[in-house]
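Dear colleague,

I am handing over the structure below, and after it I set out what was found. Please read the notes with the structure open beside them.

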Amino acid sequence: MDTASIRTGLLNWFSINARRLPWRVRYAPYEIWISEIMLQQTQVQTMLPYYHRWIKRFPDIQTVAEASEEEVLWYWEGMGYYGRARNIQRTARIVLERFGGDFPRHHETILSFPGIGRYTAGAIMSIAFNENYPAVDGNIARVLCRLLNLDKPIRDRSIQKLLWQSAGRLLPEGRARDFNQALMDLGAAVCLSKAPACANCPISASCKAFASGLVHSRPVPAASRRAMTIEAALGILIDEGKVFIQKRPPGGLMPHLWEFPGGKLEKGEEPHRALKRELREELGVDIRCREKLAVIRHSYTSFRVTLHAFLCHMDPPGQLPVLRSAIDSRWVTPAELDHFPFPAANRKLIRMIRSRLSDFVQD
Ligand code: SF4
């Protein structure tokens, strides 16, 4: 590997082409940490509005540590993977308690925090503190796979080991901040996954895949897995001008988020019958479905969901829901739905029926 020219080429390119990102102004450890956690499953352009909103409300570790979990989740809503937000708050509380609110400049300590793995710890150490730690994210992995012309999928253990070793060897002493970000930016702007712009690449002379004409075959794709599909029915349960919502229990899927009641269809079951059965089982109430409002389809990373949404009311009226799996519940006005964090598919439904909700509760 032509280490010296890769370093020079990348650092020179970065000095002119670095992306302007808000956490790159002060390189404050708190801002680097938050940006890295947000970027774990979310593209830069998507996360930027969330980042600005978050930093405005939670400008430092103390404000996150002292906020309610509900508020933290609300500020995260729309990005998914809510465990990330919960882990930020748990870490903020640890940093406040054990380090007086100063993010520690110590790799092993950072690695011990909830939700922080090898990549994020390396990114914080190098970008926030300019310490010589590699950080191999998806972009960097792709660039290195091509640079080294690796012929197995990125997830392969031997390839992972090689990528981290190579990323460490390439790091120029004292320039980890710029070098890691240069690799990230090259992956985001030049060494793109579908259309790499090799003609504009500052390290093309050192790139083995480019020299071998194999750029489009690298990285080697992993065998694809079919996402599971879940079909469920949910109810917009109206009573005395308000809508019923409930809070999901801890430990399962999307813990502590609010949702409309309902559940999965059993084999061959009609959606409206599934909803009646679920509300009887989960809340101990009998309902009547007034009309089908929408069918929502939403893809999460590991599964897809199809939701059949019904407008419904208690039949007979006046029954009191008894929570059998949810941990909290409320009757809220349509406007109040905006104050609770919901899973993305529920939020999609709220947006879809928002204009009609006020009519329903007045009927
Ligand atoms: Fe990526 Fe092409 Fe540069 Fe190689 S030459 S690192 S494939 S952009």
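A salt bridge here is a side-chain nitrogen of Lys or Arg within 4 Å of a carboxyl oxygen of Asp or Glu. The model is a predicted one, in which local features need pLDDT of at least 70 and side-chain atom pairs count only at pLDDT 80 or more, while totals for chains, interfaces and linings use all residues. Residues are numbered from 1 along each chain as its sequence is written, and side-chain values use heavy atoms, with hydrogens and water left out.

**Overall picture**

The protein chain has 14 helices and 7 strands, these being DSSP runs numbered from the N terminus (helices H or I of at least four residues, strands E of at least two). Its C-alpha atoms fill a box of roughly 80 × 50 × 35 Å along the principal axes. Of its 363 residues, 49% count as buried, where buried means under 20% relative accessible area, exposed means over 50% and partly exposed lies in between (1.4 Å probe, protein chains only). Among the contacts (heavy atoms within 4.5 Å) with a separation of 6 or more, 66% are between residues 24 or more positions apart.

**Salt bridges**

The whole structure holds 20 salt bridges. In one of them, the side chains of aspartate 185 and arginine 24 meet at 2.8 Å, N to O. This pair links distant parts of the chain, with aspartate 185 in helix H11 (residues 176-189) and arginine 24 in the loop between helix H1 (3-17) and helix H2 (29-39), 161 residues apart. Both aspartate 185 and arginine 24 are buried.

Another salt bridge joins lysine 247 to glutamate 70, with the closest N and O atoms 3.3 Å apart. Because lysine 247 lies in strand S2 (residues 242-247) and glutamate 70 in helix H5 (residues 69-76), the pair ties together parts that are 177 residues apart in sequence. Lysine 247 counts as buried because its relative accessibility is 15%, whereas glutamate 70, at 22%, counts as partly exposed.

Arginine 288 and aspartate 315 also form a salt bridge, their closest N and O atoms being 3.1 Å apart. Arginine 288 is in strand S5 (residues 287-299) and aspartate 315 in the loop between strand S6 (303-314) and strand S7 (328-332), so this pair ties together parts 27 residues apart in sequence. Arginine 288 counts as partly exposed at 45% relative accessibility, and aspartate 315 counts as partly exposed at 31%. Elsewhere, Glu266, Glu269, Arg277, Glu278 and Glu281 are linked in a network of salt bridges.

Arginine 146, in helix H9 (residues 138-147), is buried yet has no salt bridge, and the nearest side chain of opposite charge, aspartate 137, is 12 Å away. For that comparison Lys and Arg count as positive and Asp and Glu as negative, while His and the chain ends are not counted. The side chain of arginine 146 does reach the backbone oxygen of serine 193, at 3.0 Å. On a 1 Å grid over the protein atoms alone, a cavity is a set of points where a 1.4 Å probe fits but cannot get out, a pocket is an open set with protein on both sides within 12 Å along at least five of seven lines, and lining residues have an atom within 4 Å of a point. Grid points are joined across faces, edges and corners, and a volume is the space filled by probe spheres set on the points. The largest cavity is lined by 15 residues, of which Arg146, Cys191, Cys198, Cys201 and Cys207 lie nearest its centre, and H9 gives the most to this lining, with 3 residues.

About 1700 Å³ of space lies in the largest pocket, whose lining is made up of 49 residues, with Gln40, Asp137, Gly138, Asn139 and Arg142 nearest its centre. H9 supplies the largest share of this lining, 5 residues, and the elements that each supply at least two include helix H3 (44-57), helix H8 (118-128) and helix H10 (157-170).

H8 is mostly covered, with 10 of its 11 residues buried, among them Tyr119, Ile124 and Met125. The buried residues of H8 pack against H2, helix H7 (107-111), H10 and H11. After H8 comes asparagine 130, whose phi is positive, near 55°.

With best wishes

How values were computed. A polar contact is a pair of N or O atoms within 3.5 Å; within protein, one must be able to donate a hydrogen and the other to accept it, and residues adjacent in sequence count only if both atoms are side-chain atoms.
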